[in-house]
Amino acid sequence: MSAFLYGAALQWKLDIRSKSLLVTCYIVPLIFFLLMGGIFTSVMPEMRDTLIQSMIVMSVSMGAFIGVPPSLIETYGSDVKKVYKANGVPLYLGLVTMFLSAFAHLMISCVMILLLAPILFEAALPVQLPIFFLALAIYIMVSLSVGCILGLVVKNQAKLTMIAQLVFLPSIMLSGIMFPIDLLPDFLKTIGRIFPASWGYRLLLDHGFCLENLWYLILVFCASVVMCAILLNKQKSK
């Protein structure tokens, strides 16, 4: 347990120094929030009721799909993996510590949005904060699990950037955070439901924490855990 906690603390320190994580978990999401928050609430004043949820979905999606996978490539696609093997360290340790560290960073970023939105844009706070944070934790975990798969499957940094964008952009455009999802044609609504962001957004809304919005996220998380276990097992034989 002490070795695990040491590894988690070390990963936290490494992530704090990571420019990639700083940009994808803090700088870009917060700049997007500061710019688009004013635009959204000016053009659509009713969006103050869902501004926090919308900006949080965007922040989590960017951090999980664009920020985390490159860190996994740096670990499992380099000599770091050989160091793990040589010292008898389980390969899953790197994945778990990165997962926990990214979870903490994304949660901090989301809390910043939650605190700033009512002050800057008169956004409405969630009615039930404990339920909101539970829903947020679930959504972050599901998004990170998908990001972990991307980092373990794709070995090339250039390809990873392209694939990550193919996951990130539809997550944002088709989830309902930019404009009402009812404006989309039926086939785009169906495509949007494939991505966790659509379900996470509904889960984060007031009175949205229910099995109807939760079951798909649980399914994606369980499937992602199984997939990550399979991919890590393949890493042992390489």
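Me: Why is valine 167 called buried?

Reply: The relative accessible area of valine 167 is 16%. Buried means under 20%, exposed over 50%, and partly exposed in between (1.4 Å probe, protein chains only). Since 16% is under 20%, valine 167 is therefore called buried. This is a predicted model, in which local features need pLDDT of at least 70 and side-chain atom pairs count only at pLDDT 80 or more, while totals for chains, interfaces and linings use all residues. Residues are numbered from 1 along each chain as its sequence is written, and side-chain values use heavy atoms, with hydrogens and water left out.

Me: Where does valine 167 lie, and which residues is valine 167 in contact with, leaving aside its neighbours within four places in sequence?

Reply: Valine 167 belongs to helix H7; a helix is a DSSP run of H or I with at least four residues, numbered from the N terminus. With those neighbours set aside, valine 167 is in contact with Phe65, Leu150 and Phe195, contact meaning heavy atoms within 4.5 Å. Leucine 150 is 17 residues from valine 167 along the chain, and their C-alpha atoms are separated by 9.6 Å.

Me: How do you know whether serine 143 is buried or exposed?

Reply: Serine 143 has a relative accessible area of 0%, so the label is buried. This residue has its place in helix H6. Apart from neighbours within four places in sequence, serine 143 is in contact with Val60, Ala64 and Phe65.

Me: Which residues touch the most other members of the largest nonpolar core?

Reply: They are Ile56, Val60, Leu136 and Leu144, in a core of 67 residues. A nonpolar core is a set of buried Ala, Val, Leu, Ile, Met, Phe, Trp, Tyr and Cys residues joined through side-chain atoms within 4.5 Å. H3 gives the largest share of this core, 14 residues. Leucine 144 touches Ala64, Val68, Phe99, Ala102, Phe103 and Leu106, not counting residues up to four places away in sequence.

Me: What makes glutamate 122 exposed, and what is the phi of this residue near?

Reply: Glutamate 122 has a relative accessible area of 60%, which is over the limit and therefore counts as exposed. Its phi is near 55°, a positive value in a residue other than glycine. Glutamate 122 is found in the loop between H5 and H6.

Me: Why is histidine 207 called exposed?

Reply: The relative accessible area of histidine 207 is 68%, and so this residue is exposed. Histidine 207 is found in the loop between H9 and H10, and its phi is near 65°, a positive value in a residue other than glycine.

Technical notes:
Helix = DSSP H or I, 4+ residues; strand = E, 2+ residues; numbered from the N terminus.
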